[in-house]
Amino acid sequence: MIQFSNVFKRYENGHEALQNVNFHLNEGEMAFLTGHSGAGKSTLLKLIMRMEIATRGQVKIDGAHLSQMGSRHIPFLRRKIGVVFQDHQLLFDRSIYDNVALPLIIEGMDPREIGKRVRAALDKVGLLSKEKFTPIMLSGGEQQRVGIARAVVNKPPILLADEPTGNLDPQLSAEIMQLFRQFNAVGVTVLIASHDLNLITRMGLRMLALTEGSITHDGVPR
Amino acid sequence: MIGKRPGTSSRPSGATFQDGRRNQRPAPQAKRKPANRLRNEPSPKPSSGGARISEVKTATRFRAWRRHHANMAVDSLQRLLRSPLASLMTWAVIAIAMSLPVALYIFLNNAQLVSSNWDGNAQMSLYLEAGVNDARGQALMQELQMREDIAETRYLSKEQTLAEFREFSGFGEALNYLDGNPLPAVIVVRPSIQGVEAQEQLVTELDQLPEVEEAQLDLAWVKRLFYIMELGQRLITALALLLGIAVLLVVGNTIRLAIENRRQEILVTKLIGATNAFVRRPFLYTGIWYGLGGGLLAWLLINLSLFWLKGPVSSLASAYASDFSLIGLGLRDSLLLLLSSTILGWLGAWIAVGRHLGKIEPR
């Protein structure tokens with residue numbers, strides 16, 4: 001589903017963000033991406049979302065070579081990838097409902113269907129009763145869950161999360177990880193960037209460790 | 001509004017996330033959902049390009065496209081109305097820029113109307129040969145009266161021209177010293193044809209008649225007026241062009257600010273998979289509303305001014321013993337004004353969107 005082959009990424013300012021990165025995440029797999037800040041986690045996620053282009057090497061998502069992808073196709077790639085951002089990236093001038101509905105509206109879904117899907121997603125993250133609230137009325141953890149609901153509402157085959165538990169207490173973090181596991185259980189390929197080694201070890205899942213742009217560990221941590 | 005809720009009910013619907021592994025048979029009811037296909041395929045094959053997820057039937061897509069257009073049209077108008085003062089200021093600027101050339105156009109139209117009334121009075125004088133007697137002159141007048149390009153003729157005998165000359169020239173005294181009457185008989189002709197050239201042609205034709213010694217058309221002022229009108233039209237065209245560009249710039253700049261204001265939203269929607277057309281749409285509608293609103297306000301301004309001028313104009317006209325009244329914007333001109341201002345707004349939005357939206361890419 002997500003395949004990196006000899007990927008290098010050098011930014012215009014000369015910074016080598018990724019060096020010879022190789023890994024393959026199968027369909028329905030769940031893995032963690034870890035490393036210190038600046039190790040290239042964000043760059044790797046940006047390459048998957050085609051926010052950046054690899055300087056060398058191949059990034060393949062669901063069989064499509066991203067370096068050869070025309071800009072017309074990028075929106076459709078991104079619709080396959082649900083993303084949970086560290087800073088949530090919610091729209092503060094609209095309700096929770098409208099935030100979660102956004103991916104479905106972009107896809108052009110029937111409004112009645114949108115209502116069902118949005119409520120199902122909000123129900124899943126336990127925020128059904130707050131659909132009329134605006135994000136500002138919610139706590140950090142709740143905002144994060146709105147972000148998760150938005151990421152999964154269109155049932156994408158891939159789910160990316162960038163430090164989804166960054167600012168949350170252990171209890172909330174565990175709950176959110178549990179959510180990700182549930183999505184994985186229905187066949188979604190999940191990749192989570194996190195530096196919370198404790199949590200990762202406890203989950204007992206595949207871990208990709210980045211150190212200065214290279215993968216230094218790939219496997220279940222001991 | 002993006003994500004406008006279909007119903008206000010907040011009760012949970014029965015739908016929940018599909019449970020079970022992806023490889024299980026999909027729920028039969030889920031088959032209908034086109035956007036959901038990817039998730040229901042038993043064994044997804046790798047595909048080239050990212051278009052697979054959008055395998056929605058054309059009709060469904062068209063309906064979604066139309067729905068988004070309608071939603072964006074309403075949403076962008078609501079946004080404008082939510083900050084009424086700022087919007088009104090933009091509308092006023094557009095209205096003033098639009099109404100200036102339109103007002104000049106109306107002025108010119110009215111001037112043309114007035115001058116065409118005079119045009120009717122533009123007359124030709126056919127000075128008859130000295131040897132032509134009254135009976136022959138009268139006959140010629142009758143003959144000319146029959147012509148299609150002549151509206152009216154009037155015969156003045158030698159005696160009548162003398163009397164007129166005596167009355168109007170102020171040289172009446174001098175005539176007393178002359179033997180006999182030096183003035184010729186005259187046929188005054190009012191042409192029914194319009195236009196300087198056609199009238200000139202008629203004059204030369206009448207000049208050829210054997211009874212006519214000389215045919216004269218007082219063209220100087222007609223020509224002057226004609227050229228002044230032409231100059232006026234050119235000026236209006238130039239002014240309209242300049243002010244049209246001004247409208248483009250005003251709308252463009254306003255849209256640029258709107259784009260800046262919604263930068264975050266644009267970034268997020270692009271990250272979620274919005275196409276450029278999707279992101280562009282609300283701004284284009286904003287431009288259309290600015291243009292249409294400005295056009296309506298311009299129309300209102302012009303009609304108010306006409307109303308305001310009506311009294312003085314009719315007093316002035318009655319002082320000249322005329323029943324002239326101002327003609328305003330007809331239905332065609334009104335629609336043209338609205339259409340052109342709407343198009344200008346839309347174009348201005350396009351320019352701004354083309355220049356600024358491309359720069360907002362998620363990084």
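**Stop 1: two helices in chain A**

Select α3(A) and α4(A), which are oblique to each other. What you see is a predicted model. Helix α4 of chain A covers residues 111-124, and α3(A) packs against this helix at an angle of about 125°, with the two axes 9 Å apart. Looked at as a crossing, α3(A) passes α4(A) in a right-handed way.

Now show the side chains. On the α3(A) side, the contact is made by A:Y97, A:V100, A:A101, A:L104 and A:I105. On the α4(A) side, A:I114, A:R117, A:V118, A:A121 and A:L122 take part.

**Stop 2: the largest nonpolar core**

Keep A:V100 and A:A121 selected. Both are among the residues with the most contacts inside the largest nonpolar core, which has 79 residues.

Next, centre the view on A:I48. Leaving aside neighbours within four places in sequence, A:I48 is in contact with A:I2, A:V59, A:I61, A:I81 and A:L160.

There is also a second, separate core, with 35 residues. To find part of this second core, select B:M98, B:V251, B:A258 and B:W289.

**Stop 3**

Go back to chain A and select α1(A). Is α1(A) mostly covered or mostly open? α1(A) is mostly covered, with six of its eight residues buried. The buried ones are A:K41, A:T43, A:L44, A:L45, A:L47 and A:I48.

Step forward to A:R50, in the loop between α1 (41-48) and β4 (56-61) of chain A. Most residues other than glycine have a negative phi. A:R50, however, has a positive phi near 60°. A:R50 is buried, because 23 other C-beta atoms lie within 10 Å.

Then select A:E163, in the loop between β7 (158-162) and α6 (170-185) of chain A. Phi of A:E163 is also positive, near 50°. Is A:E163 buried or exposed? A:E163 is buried, with 20 other C-beta atoms within 10 Å. The cut-off for buried is 20 or more, so a count of 20 qualifies.

**Stop 4: the domains of chain A**

Colour chain A by domain. Domain 1 takes residues 1-80 and 158-222, while domain 2 takes 89-155. The centres of these two domains, taken over C-alpha atoms, are separated by 24 Å. Nine residues from domain 1 of chain A and nine residues from domain 2 of chain A form the contact. On the domain 1 side, the largest share comes from α6(A), with four residues.

**Stop 5: chain B as a whole**

Switch to chain B, which has 11 helices and four strands. Of its 363 residues, 25% are buried. Among contacts in chain B between residues at least 6 apart in sequence, 79% join residues at least 24 apart.

Domain 1 of chain B is made of 68-117, 224-318 and 325-356, and domain 2 is 123-217. How many Å lie between the C-alpha centres of these two domains? The answer is 54 Å.

**Stop 6: a helix crossing in chain B**

Select helix α2 (residues 58-82) and helix α10 (residues 276-319) of chain B, whose axes come within 8 Å and cross at roughly 55°. α2(B) and α10(B) are therefore oblique to each other. The crossing of α2(B) past α10(B) is right-handed.

From α2(B), the residues in this contact include B:H68, B:M72, B:A73 and B:L80. From α10(B), they are B:R281, B:P282, B:Y285, B:T286 and B:W289. B:W289 also belongs to the second core.

**Stop 7: B:E214**

End at B:E214, in strand β4 (residues 212-217) of chain B. B:E214 is partly exposed, with 13 other C-beta atoms within 10 Å. Not counting residues up to four places away in sequence, B:E214 touches B:Y127 and B:D207. Finally, select B:V93, 121 residues from B:E214 along the chain. The C-alpha atoms of B:V93 and B:E214 are separated by 58 Å.

Definitions and conventions. Residues numbered from 1 in each chain as written. Chains lettered and ligands numbered in written order. Predicted model: local features only at pLDDT ≥ 70, side-chain atom pairs only at ≥ 80, totals over all residues. Core = buried A, V, L, I, M, F, W, Y, C linked by C-beta atoms within 7 Å. Buried ≥ 20, exposed ≤ 12 C-beta atoms within 10 Å, placed from the backbone. Contact = placed C-beta atoms within 7 Å. Domains from an automatic or database assignment. Axes fitted to C-alpha atoms, helices over the stretch in contact; angles between N-to-C directions. Parallel < 35°, antiparallel > 145°, perpendicular 65-115°, else oblique. Left-handed = near helix turned anticlockwise from the far one by under 90°.
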